[in-house]
Structure formats: C-alpha cells, structure tokens
Amino acid sequence: MASTEVEKRSVTSDKASLNEKFDEKHGPVPDVAVLEADIQAVGPDVEEAIANAENLTEDEVRDAAKHIIEYHGSDPNFNPAALALANTFIEDEDLKNSSPAEWEKVYQEMRIEAALIIYNSPYAEVRAVVDNHDDPTIPASTFRAWVIGLIFVAAGAFINQLFSIRYPAITVGSNVAQVLGYPAGKLFEAILPRTQFKLFGQTLSLNPGPFNMKEHMVITIMANVGFSSPYTNYVVFVQYIPRFFNMSWAKDFSYQILIGLSTNFIGYGLAGLTRRFLVYPVHAIWYANLATIALNRAFHSGRNDVANGWKVTRLRYFLYCFVGMFVYFWFPNYLFQALSFFNWTVWIDPQNVNLSAVTGLTGVSGLGLNPIPTFDLNQLYVDPWINPFYTVMNTFAGACVAFPIILALWYNNVWNTGYIAINSNAVWNNEGGRYNVSRVVDQHGLFNPDGYRNYSPAYLSAANILLYGFFFAVYAATISHTMLYHRSEIVKGFKSLLHRTGGLQSHNDIHSRLMSAYKEVPEWWYMLVLVISIGLGAAGVGAWPTMTTPAVVLYGVFLAMIFCVPIGIIYATTNAQVTLNVLAEFIGGSWFEGNALAMNFFKSYGYVTTAHTLTFAQDLKLAHYTHIPPRVTFFAQMVATFVSTFVAVGVMNFQLGLEDVCSPTNKDHFYCYGIQTFFTASVLWGTLGPKKMFGVGAIYSGLVWCFLIGFTLPIILFFLTKRYKFLRSVHLPVLLQGGLYYAPGGLNNIWPAVPLGWLFNVYIKKRYLAWWSKYNYITTTAFSAAIAICAIVIFFALQYSGIEVDWVGNSYPFGDNCDSNACPLLTLAEDAHFGPVSASSRERCRAPCACTPLDVFFSLPPPSVSLSLLW
C-alpha cells in the first residue's frame with residue numbers, strides 16, 4: 001500500500017513543472033482549488049488527473065463526455081456539476097465560435113474530468129478511500145491471514161450462535177474482527193519465522209514481511225461471511241423443540257448440515273453469476289464497503305496529507321473517535337438508558353394515549369414524532385455517514401408519508417386497529433390479546449379448521465398493516481424502477497452472459513483494468529457450487545419426513561433469481577436493502593397453504609438466498625476495490641463459510657440438548673425470543689396462510705392493491721423527471737422503504753440521521769472536501785466498532801451475571817406510561833370482542849364476476865373496497 005501511494009505522489013510532486021507542460025500543450029491549466037469544488041475531487045486527485053489529461057485527444061475527451069451523459073445522466077450519485085459540464089461541452093456547439101475563452105475553459109475542465117473518470121473513479125465517495133493504483137506483488141493469501149481469519153470465523157460463529165437464543169442477545173460483528181485483526185497480524189509478523197520453502201513449485205513463507213492491507217482485507221472478508229449462522233437453524237429449532245412442532249428427528253446432524261450448507265452456498269453460486277450486474281459495473285458502489293476500506297486504510301496507510309488544516313493521521317483520528325464513543329456508550333446502553341429512549345414528551349402526561357401514540361418511542365406504542373428522540377447512535381436505522389444524503393432524505397420522506405396514514409387508520413378504527421397499540425409488531429386476537437397460535441394447529445403443526453373457527457382471525461396494528469402495504473408496494477416498485485432506470489446495464493449484462501464474453505473485460509473503469517492482472521474465477525465454478533448446493537438442499541428436504549417436496553428448493557431459488565439483480569442494483573447504488581422476507585412468506589404460504597414447514601423452507605431458499613447473494617456480491621466488490629485476486633477471495637469465502645456452518649450447527653446441537661431450552665423458565669436466559677417470533681410467523685403465514693388475511697373477503701384484502709400501486713409509481717415518476725429535473729433525487733423504492741421502519745421502529749430511528757447526514761455529506765463535503773474525504777468514513781467505522789466492542793464488554797462483564805443499575809434514569813422511560821404499556825385507543829368490556837362472531841364468518845365467497853385481474857394469485861376484492869385503504 002505504501003509503495004502505491006509513493007508512486008501516486010511521484011506523479012504529482014512537481015506541480016509547477018506539471019502546469020508548465022500543460023500550458024505549452026493545451027493552454028492555461030485551470031486552478032486546482034477551483035477544480036476541487038467543481039468536480040468534487042481533492043488536490044492530489046486533481047493534480048494526477050491534470051497529468052493524465054496530457055495524453056487525451058479531443059476525440060477521447062468527447063467520447064468521455066458522451067459516456068458521462070449516457071451512463072450517468074440519471075445517476076443520483078454522480079456529481080451534477082460534472083454532468084452539466086459534459087452537457088455544455090457536447091450540446092453547446094456555438095460556444096466555441098461565440099466565446100473562445102469560455103470554450104477553452106470548458107474544454108480544459110472537461111479534459112480533466114475525462115481523465116478523472118478514466119484513471120480514477122467517477123464518484124467522490126469511492127475516490128475518498130479507494131486507491132486507484134495496485135501492486136500485484138503484495139501477497140494476500142498468506143499463512144497468517146488464513147490462520148487469523150479461520151480463528152476469528154470459528155470464534156465469531158460460536159459466540160453468535162450460542163448467544164443468539166439468549167436474552168439479552170449478543171452479536172459480534174465483522175468490524176470487531178477487522179479491528180482485532182490488525183494487532184493479531186502484527187503479532188504474527190513479529191513471532192513467525194521468515195524461512196522460505198517451496199510448495200507445488202511456489203516459494204512461500206510463513207512470514208512474507210510486514211502485515212499488509214490485502215491480508216487484513218482477506219481476514220475481514222472471511223469474518224463478513226463467517227460470523228452469521230445458517231438461517232435453517234431457525235427451522236431446526238421450531239421443528240425439534242417440544243413446545244413448537246416436536247419433531248425429534250430434526251436433531252439428526254446429517255439433516256441439519258445438509259440444509260445448512262445448502263442455504264449458505266446457494267448464495268455464492270448466484271453471487272458469482274451476477275457479477276456482471278452487481279460487481280463489475282462502476283455504478284455498483286456498495287457504500288458500506290467504503291467504511292470498511294477506510295478503516296483498513298487508516299491501519300496501513302503511511303501517507304498523511306493535510307486536510308483543510310487537519311494534520312491528524314487517519315489512525316489517530318480513528319483512535320480518538322473509538323475511545324470517545326467507547327466511554328460514552330456506557331451511558332445510553334447501561335448507566336443512563338433514558339439517553340437512548342429519550343421519550344421526554346411522554347413524561348409531560350404519562351397516561352395520555354394520544355400523546356404517547358404520536359410521540360412515544362420505546363418501540364411498543366408510539367410513532368416517534370419527537371424532535372430530540374435519542375442521544376444514542378445505536379438507535380439510528382440509517383447511517384448518516386455511509387448513506388448518500390438523498391438516501392437518508394428519501395427514507396425519511398417515506399416514513400413521513402406513512403405517518404399520517406397510520407394515524408388515520410388508528411383514529412378511524414379501520415380494521416379494528418383502535419383496539420390495538422398503534423405501533424405494535426405483534427399479532428393479536430379479537431379480544432385485544434396476543435394471538436395464541438397453538439389454538440389453530442394440530443399436534444403435527446398443520447392447520448386445525450375447528451380450532452381456528454372457534455378462536456379468532458389474526459389482527460394487526462395500524463402500523464403493522466401499513467408495513468405490509470409498503471412491503472407489497474416496494475417489491476413491485478423495485479421491478480419497474482430497475483426496468484426504467486437500469487435496463488441498459490441489465491441488458492448489457494445478460495448479453496455478456498448469453499454470449500459467454502468476459503464480464504470483467506467488458507468494463508473499462510480503472511479498477512476493472514487493475515483487476516485484469518489477476519486470474520478471474522470461471523463461471524462454471526460458481527455454477528458447480530449452485531448445482532451442488534441445490535442438490536444438498538433437495539436431499540435434506542426429501543430424505544427426512546419434512547412433509548415438503550424437494551422441489552421447494554428450486555422454487556425458492558427461482559424467486560431469488562428474479563429479485564437478486566434488481567434488489568442488488570438498488571442496494572449497490574443507494575445502500576438501501578429491500579428484503580424478501582414478506583414476499584417469500586406471502587408466496588410460500590399461498591403455494592403450501594396449511595404447511596408451515598414447507599413455507600419455512602421456501603422462505604429459506606427464497607429470502608435468505610437473496611440476502612446471502614447480496615452479501616457475497618458486496619464482498620466480491622470489496623475485493624474488487626482492494627485488488628485482491630478473485631480466486632483468493634473465492635476460496636476465502638468458501639472455506640470460511642464451510643467452517644462457520646459446521647461450528648454453528650454443532651453449537652446448535654449443544655443448545656438443543658440443554659434442559660428447558662426455549663422456555664420462559666430457563667435458568668441461563670435461553671428464552672429463544674427470536675425462535676418464538678419465527679414460529680409465530682411460520683404458523684400465521686404457513687399454517688393459516690395469506691388467504692385468510694389477504695384473500696377474497698379477508699380482513700386485509702385491500703392491501704394487495706399496493707402491488708399495483710407500487711409498480712405504477714416509478715413509471716409516473718420516470719416521465720415527470722424528464723420535465724421536472726428536481727425530481728431526479730427522488731428514488732421511489734428507497735422512499736417506500738421508509739415506511740418499513742415502523743412496527744416497532746418509528747420516526748425517532750430515522751429523523752436524527754437527517755441533520756447528521758446533511759452536516760457531513762452536504763455541508764462538510766461541499767465546503768471541506770479534503771477533510772470529508774479523509775475522515776468521514778473513519779468516523780462511522782470508529783463509532784460502530786466502539787459500540788460493538790463496548791456492548792460485548794458490558795454484556796460479559798455485567799449483564800450476563802444479572803448486574804443492573806436500578807435508578808430512575810434507567811427505569812423511567814419504561815415505567816408506568818402509555819408508551820411502554822402499549823395503550824390502545826379503544827378498550828373492550830369484559831368478555832367482549834371486536835370483529836366477527838367467529839373466524840369462519842369472516843370468510844365469505846364472492847362471485848367470479850366481482851373479481852379483478854389480480855386473481856391470478858388469489859381472488860381479490862373489487863377496487864371499490866380496496867380503495868378505502870387510501871382514505
């Protein structure tokens with residue numbers, strides 16, 4: 001890393017000489033300080049672009065300008081000033097004759113902008129942390145990297161699986177491994193012998209020299225993929241535990257490992273096959289990767305440019321932020337929890353139902369309309385440093401749109417929501433109590449019609465109802481949005497895939513050119529992984545009495561194949577991830593009605609496979625940015641996931657053998673709250689099925705029209721944007737996703753990110769670009785790492801032993817008030833209920849002529865009924 005930065009400095013060291021050369025050949029060089037603001041690039045990048053611009057002809061500059069207009073014309077991440085410059089250069093043909101001086105200024109700036117996007121990234125965010133040089137001789141796959149990485153993977157998988165069912169839970173993130181990986185690497189550098197030896201014709205060493213950034217990144221990538229447990233562990237828990245489905249055969253290790261390996265590795269197959277869409281394109285930024293790279297650069301960069309007068313090194317700045325947040329987080333997380341849930345508005349009148357519903361924020365009964373809701377960064381659902389500001393604003397706008405609709409549903413008691421706390425994410429019965437799923441299933445976990453008829457339909461809160469509506473809308477909007485805004489990239493990717501042309505070679509940005517020095521992973525490797533993984537899953541489902549067809553694996557993979565590209569493109573360009581959990585439950589529950597286990601498998605192979613695909617693609621882009629050989633990345637991901645799966649499944653087997661596990665009386669606090677939520681969702685979506693909630697005559701049938709609404713909105717916006725350019729920053733899938741943070745979150749989890757995002761990604765970025773480029777991503781990485789490590793220390797040192805601080809600063813936010821007590825708007829008399837007399841009376845048939853074309857999936861109510869949702 002250091003050698004590449006020395007090389008970069010050598011290009012820009014003699015600025016005066018550089019300017020003289022540029023003057024002789026192309027006329028006066030534009031002022032660097034002016035260019036920094038115009039094209040959003042720091043001084044060293046501008047100077048390097050000036051040097052590279054000497055080699056560009058006018059035709060090459062014109063081609064670059066046309067490329068900017070065509071490729072970045074509707075790209076909200078691209079610098080608008082650079083786009084306007086390209087439009088002026090191409091379209092204003094009279095400028096050259098009418099104002100030669102102005103034309104010369106435009107031409108010189110366009111020449112430098114062209115050099116910038118050809119020899120560097122077109123995005124300021126990427127240029128801030130990603131080096132546009134590479135040294136292929138720097139080793140990445142070393143003995144110490146593999147040993148450290150695998151130790152961290154085994155430890156992280158063990159801890160995360162063991163404490164995943166405990167309350168309170170503890171999770172170790174990959175940022176912890178990244179922070180600890182540096183001292184571990186330096187330790188190995190100091191103690192390992194430097195003796196060289198030959199293996200398979202190659203000269204190797206246990207200690208090839210200083211611990212470098214590529215080794216560190218390999219360790220980080222292994223932790224990224226290895227710290228999570230197989231999602232199928234949830235399936236096994238609900239199968240085996242007696243109080244759930246009580247299937248003793250589910251403790252068979254062979255069954256567990258087959259479905260665990262299958263769900264984990266299918267994502268690799270799809271990630272490799274989608275590289276043309278999600279990894280190679282330059283517009284696939286993957287913002288979260290930039291924070292990871294910034295931290296590695298802080299550890300390994302030997303360069304310290306002065307940034308707007310700040311001489312503090314990246315590493316020292318990281319340590320300042322880390323220590324400060326580590327000390328501070330003790331207060332909102334343990335000593336003074338009112339700082340985290342600062343529901344001061346509720347304290348004014350604790351028993352005021354209306355005040356608590358609008359301003360409450362403890363995640364039970366309030367929508368969080370509070371100007372100062374928290375002093376805890378861990379409460380923010382949207383990272384204000386990583387996310388581009390338009391993502392933060394679209395998310396906030398979506399939450400604001402949902403807010404009055406939720407209130408309208410609740411205050412008008414639409415669908416009996418007034419009898420339920422406004423922002424609850426639980427499922428309720430018609431007496432205002434929690435829904436008891438055991439009353440509607442038999443001993444095999446299958447649907448019990450008599451039990452359901454004599455009990456109650458399932459009811460949702462006002463926020464939870466709208467949550468499902470926004471989910472339906474965002475799925476459809478994702479499809480139409482990507483068709484409209486990214487169709488050319490998708491078509492290009494599919495043509496490349498069908499014609500078997502080189503995916504990496506078809507992209508000519510600087511990082512693709514640098515990566516062409518390494519051997520690419522053949523697509524048949526990924527295809528082989530995909531086929532074997534599908535086979536393992538089919539064997540696991542078919543060889544044991546799961547009451548599910550092995551074809552469910554293919555059905556789930558087919559859903560993932562449809563959505564992984566459009567969802568991945570949105571995630572890569574906005575850092576907003578659309579999850580398929582609700583759609584997988586919706587489709588799986590309809591296809592396998594009455595069979596909760598079949599729905600769970602479909603969900604595992606549809607939703608989870610898509611999530612894994614995006615995670616693995618993000619890591620492939622991380623390796624792409626840091627110039628790690630693709631085959632090293634491939635084997636690092638594969639081996640880490642293999643080890644992690646065996647460790648997690650082994651720990652799960654230990655947990656299944658614990659006495660009284662998943663019981664409220666468990667002495668070690670292994671209450672399995674997440675497993676219980678998973679079981680409830682299994683019964684509601686699998687056993688009862690979506691038809692009983694969204695089908696003809698069902699309670700929430702009108703919500704299905706949100707699919708059509710969501711599909712239509714991006715089309716309308718697309719044509720409006722052509723006329724009203726200010727709408728260019730409106731991103732409908734991200735805006736709709738803002739409505740998904742309710743039940744149990746609220747505005748309190750989004751609003752604080754708005755001023756922070758504006759401060760760092762608008763004000764500071766515009767006025768102090770050098771400071772922003774050097775410190776912005778280090779800030780969020782240091783805070784995140786400090787919060788994660790502090791939470792681990794607090795958990796094991798104090799909370800695990802039950803040591804708590806009992807005082808008003810910790811108890812008052814959760815005391816006797818309507819925010820924490822989940823007060824409904826309306827109350828029932830004793831032994832009374834709301835809704836129909838019985839569940840069966842709710843289900844009525846409609847004549848075929850009353851159905852809409854959407855009955856392809858299942859019958860829907862006429863538009864006149866469903867439109868009541870909009871009012």
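**Notebook: a cavity, a helix and the cysteines**

I started with the second largest cavity, which holds about 120 Å³ of space. I note that the model is predicted. The structure holds eight cavities of 30 Å³ or more.

Next I looked up the lining. I found 13 residues around the second largest cavity. Nearest its centre lie Val279, Met515, Glu520, Leu620 and Pro630. What is the make-up of this lining in nonpolar, polar and charged residues? I read nine nonpolar, two polar and two charged.

Then I asked which helices contribute. Both α29 (596-626) and α30 (630-656) give at least two residues to the lining of the second largest cavity. The largest share comes from α29, with three residues.

**Helix α16**

I turned to α16, residues 287-300. The helix has 14 residues. From first C-alpha to last I read 21 Å, close to the 20 Å expected at 1.5 Å a residue. Is α16 enclosed or open to the outside? I checked burial: 13 of its 14 residues are buried, so α16 is largely enclosed by the rest of the structure.

**Disulfides**

How many disulfides does the structure hold? I found two. In sequence order, the bonded cysteines of the protein pair 1-2, 3-4.

I took Cys662 and Cys672 as one entry. Their disulfide has an S to S distance of 2.0 Å. The two cysteines are ten residues apart, and both sit in the loop between α30 and α31 (673-688). The angle about the S-S bond is -75°, and the link is left-handed. Cys662 is buried at 0% relative accessible area. Cys672 is also buried, at 0%.

The other entry is Cys818 with Cys823. I read 2.3 Å between their sulfur atoms. This disulfide is left-handed because the torsion about its S-S bond is about -80°. Cys818 has a relative accessible area of 3% and is buried. For Cys823 I read 17%, which counts as buried because the cut-off is under 20%.

**Other cysteines**

The cut-off for a disulfide is 2.5 Å. Cys790 is buried, with 0% relative accessible area.

Last, I looked up Cys706. Its relative accessibility is 9%, so Cys706 counts as buried.

How values were computed:
Residues numbered from 1 in each chain as written. Predicted model: local features only at pLDDT ≥ 70, side-chain atom pairs only at ≥ 80, totals over all residues. Heavy atoms only, no water. Helix = DSSP H or I, 4+ residues; strand = E, 2+ residues; numbered from the N terminus. Expected span 1.5 Å × (residues − 1). Buried < 20%, exposed > 50% of the residue type's maximum accessible area, 1.4 Å probe, protein only. 1 Å grid on protein atoms, 1.4 Å probe; cavity = no way out; pocket = protein on both sides within 12 Å on 5 of 7 lines; lining within 4 Å. Points joined across faces, edges and corners; volume = space filled by probe spheres on them. Nonpolar A, V, L, I, M, F, W, Y, C, P; charged D, E, K, R; others polar.
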